[in-house]
Amino acid sequence: MPITESDVLYTAVATAENGRDGRVATDDGKLDVVVNPPVEMGGSGAGTNPEQLFAAGYSACFQGALAVVARQEGADVSGSTVTARVGIGRNDEGFGLVVRISADLPGVDAETAAALVKQAHEVCPYSKATRGNITVTLG
């Protein structure tokens, strides 16, 4: 269920200049990066790109969701990592994204790890936002 404006606890604000070949900065100055298209898309690859920024945000959010569900299940996920691979490619409407989320949970067995990742995917705000819009694969 979507949240309403009155439910908002925090709002991130970022401004881009010159789109995919320019600069992106947050209003508090904590993030200020040059963005350039990757070499694979004809760019210089000199800066970061929106897909890397999305992958960074998604992996951090998913890691947080994983910690929440692990606590609820009494599982120890300390030392775990989450990797998000965000791909961009052409589709009928121009371009689209695909995401692959993988997690390394050294403190739990494979079956428990898979169950925790699946549960995290259900509660992660990024997963909720992308559900039904782009293909997200776990594994």
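Begin at the hairpin that strands β4 and β5 form, with two residues between them. The model on display is predicted.

Select residues 81-91 for β4 and residues 94-104 for β5. These two strands pair in the antiparallel sense, and 11 bridges link them. Within this pairing, display the side chains of Arg-85 and Arg-100: Arg-85 stands opposite Arg-100, which belongs to β5.

The next stop is an open sheet of three strands. Its order is β1-β2-β3, and its pairing is antiparallel. Select residues 14-17 for β1 and residues 32-35 for β3. Why does one side of each of these strands lack a neighbour in the sheet? Both β1 and β3 stand at the edges and have a single partner strand each, so one side of each is left without a neighbour there. Turning the view along this sheet, one may follow a twist that averages 20° from one strand to the next.

Finally, select residues 22-26, which form β2. Strand β2 is joined to β3 by four bridges, and the two run antiparallel. To conclude the tour, select Ala-25 and Asp-32: the bridge partner of Ala-25 in β3 is Asp-32.

Technical notes
Residues are numbered from 1 along each chain as its sequence is written. This is a predicted model: local features need pLDDT of at least 70, side-chain atom pairs count only at pLDDT 80 or more; totals for chains, interfaces and linings use all residues. Side-chain values use heavy atoms; hydrogens and water are left out. Two strands pair if DSSP finds at least two bridges between them. Axes are lines fitted to C-alpha atoms, for helices over the stretch in contact, and angles run from 0 to 180 degrees between N-to-C directions.
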